[in-house]
Amino acid sequence: MTQIWPGNPFPLGATYDGYGTNFSVFSEAADRVELCLFHARGREERIALPEVTGFVWHGYLPDVGPGQRYGFRVHGPYEPTNGFRCNPHKLLLDPYAKTVVGDLDWNETVFGYRFGDPDGPMNTRNSSRSVPRSVVTSPFFDWGNDAPPHTPWNRTVIYEAHVKGLTMCHPDVPEHERGTYSGLAHPSVIQHLIDLGVTAIELMPVHRFVSEHHLVERGLTDYWGYNSIAYLAPHDGYASVGGERVVPEFKRMVKTLHEAGIEVILDVVYNHTAEGNHLGPTLNLKGFDNPAYYRLMDDDPRYYMDYTGTGNSMNMRHPHVLQLIMDSLRYWTTEMHVDGFRFDLASTLARELHDVDRLSTFFEVIQQDPVISQVKLIAEPWDVGEGGYQVGNFPPLWSEWNGRFRDTVRDYWRGADQTLPEFASRFTGSSDLYQSDRRRPSASINFVTCHDGFTLRDLVSYNDKHNEANAEDNRDGTDDNRSWNCGVEGETDDPAVQALRSRQQRNLLVTLLLSQGVPMLNAGDELGRSQGGNNNAYCQDNEISWIDWSDEAVDADLHTFTRQLIALRRDHPVFRRRRFFEGKAARGVEFVDIAWLTPDGQLMSDEDWESGYAKSLQIFLNGDGLASRDDRGQLVEDTSFLLLCNAHHEGLTFHIPDDVPVGPWVVVLDTAEPTLRRESQREALARGDDREVVGRSIVVLRVDEEARA
């Protein structure tokens, strides 16, 4: 019989100190909690935790160390009608497990109720052989001189990527490392990110997750990973070696990215778990303390409040739920050295009663935390509940995925009417959404595509979704794509259509990367990646979702164009201002820091802005009007730029304005061309000159400093 000492209530979870391991779990509902140790050949040893302090059950086991597999069994009320679902026949994962191994076998044993009768008696079949197990993890790792890059927001360029999909087909990555943390840290992958110029990689969920039952039944998997069961454990399916060694492999990946100057941001899913609703399995939180961890229906606690569309919502009103989330965030920051978080369906986290509350306890604890308040915090500012769309309404500390930027830019370039005023707001950093609470342009995370929806290439190749591979009769995924196939649905050999699609991709990239705010690029878009029109590839762990790095699949010109464009943004602070524009040139008479002009070179009038059919304009960005200082207090200055934007389907003649107090100009890029201009292609324009701009294209001009000298 293993000896157990009283131990300590904190820290929660399994904590190895070099001599033994302290085990600690919260459950207000429990009458007794058993720690289950698994030995050779699967033998299970059950040990009652001897102490309970403030509803935290704890005990210390000397001589138990890293590699020990364990779980818990909770004895307490099984009263679904009252919200309690304790069931000692179900082996439970440690909510604070730092390593989780093993697969979930979807069978009758994993459910707390007798199969087919959720309102019936307790299911007494043992789930031990069917569920993953927690593993005691060593906290020791040699970080060396690792330091976070601390890239300022206005210099940040985010690259959203999937750990597996990024490297699964990469020819330079050794086969056993493809699709893993080690594969992502491979020199060839790191070099691609460096050459591209991105400063941060935002990883889709790496918290330990499982695939939903309905997907497994259809022979599919949860590829995206938005189905967490352990908030402190990296997903072991992305480990190149044994799952028990996943933590040091993840740390080595972070350390390698930091050495390259690249930050690591995690997409985290604290709004719900994989346990689903009253019909779902009992894997951890449901069995420990169902009414504490989950939002239950007030009038019938058998059922769950569902603001996420996944079956349950975390109970942000309970202090131990907030503690779990904050402890998880601090662990990933202090122990795993990540640099920030993107919060999935963040509106759910702000629901204390029913409505989304920007003054909720969740935001308060984030604001006052000395660790988490200092990292990059990004909200997906919506959920599926009533009033869940909250773009622009998060507190000052936060940045937000700007869905209105995505929609407006897509509408503008597909030729929708009534877009010019909205386009101007999005291009200048969405001050209408963020300036009132003194946030800066960095509050807006600008994106045109992301993991959810069409890729950039598909956005210009498909009018409709093509999700047949998901086996849901093409009913899943949004129908609001705001895409345009350029005249032909799907792949085509028509050179005119291909040329237009390439131009449209460049138009979208120029708008994304030269707008104020923080640009986010969807991994593979720079290579011309396609998903065959699938706009909801959440269950496609295959070539549909994986990036194809082969020479035949990669659009080399698009890759070069994207790399050059990011470098242009990096080299010119006029495209990444720290503060919003202050001039009134949009409808005034002076050229201050920005001016909006018609194609014929005149300042835009109210009538011009209100013309619903207008799709073309000039944007003057004054490099002398930045009005900010660098870290050493020096005034930030830049050259001036003029953007000729023509979203009309026909070519237009643009008149270079006579009244703009700078010039002459030189062409930097023309999206009718595959790459940015080289010096040998120099094209100079003087004030008062005319320049033809082909239909659906942008020409970017820079003040010709050589001519001025």
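The structure shown is a predicted model.

**Exercise 1.** Describe how helix H7 and helix H9 cross, and state which residues meet.

*Solution.* Two packed helices are described by the angle between their axes and the distance between the axes. Helix H7 covers residues 319-334 and helix H9 residues 361-368. Their axes come within 11 Å, with a crossing angle of roughly 35°, and the crossing is right-handed. Next, list the residues: H7 contributes Leu322, Ile325, Met326 and Leu329, which meet Thr361, Phe362, Val365 and Ile366 of H9. Sorted by class, this contact comprises seven nonpolar residues, one polar residue and no charged residues.

**Exercise 2.** Is strand E24 mostly covered or mostly uncovered, and which strands pair with E24?

*Solution.* Strand E24 spans residues 641-646 and is mostly covered, with six of its six residues buried. In a regular strand the side chains alternate between the two faces of the sheet. Accordingly, examine the directions: Phe641, Leu643 and Cys645 point one way, whereas Leu642, Leu644 and Asn646 point the other way. Finally, identify the partners. Strand E23 (residues 616-621) runs antiparallel to E24 and is joined to E24 by six bridges; here Ser616 stands opposite Asn646. Strand E29 (residues 697-703) also pairs with E24 in the antiparallel sense, over six bridges, and Val699 in E29 is the bridge partner of Leu644.

Terms used: Residues are numbered from 1 along each chain as its sequence is written. This is a predicted model: local features need pLDDT of at least 70, side-chain atom pairs count only at pLDDT 80 or more; totals for chains, interfaces and linings use all residues. Side-chain values use heavy atoms; hydrogens and water are left out. Axes are lines fitted to C-alpha atoms, for helices over the stretch in contact, and angles run from 0 to 180 degrees between N-to-C directions. Helices (H or I, at least four residues) and strands (E, at least two) are DSSP runs, numbered from the N terminus. A crossing is left-handed if the near helix is turned anticlockwise from the far one by less than a right angle, and right-handed if clockwise. Contact means heavy atoms within 4.5 Å. Ala, Val, Leu, Ile, Met, Phe, Trp, Tyr, Cys and Pro count as nonpolar, Asp, Glu, Lys and Arg as charged, and the others, Gly among them, as polar. Buried means under 20% relative accessible area, exposed over 50%, partly exposed in between (1.4 Å probe, protein chains only). Two strands pair if DSSP finds at least two bridges between them.
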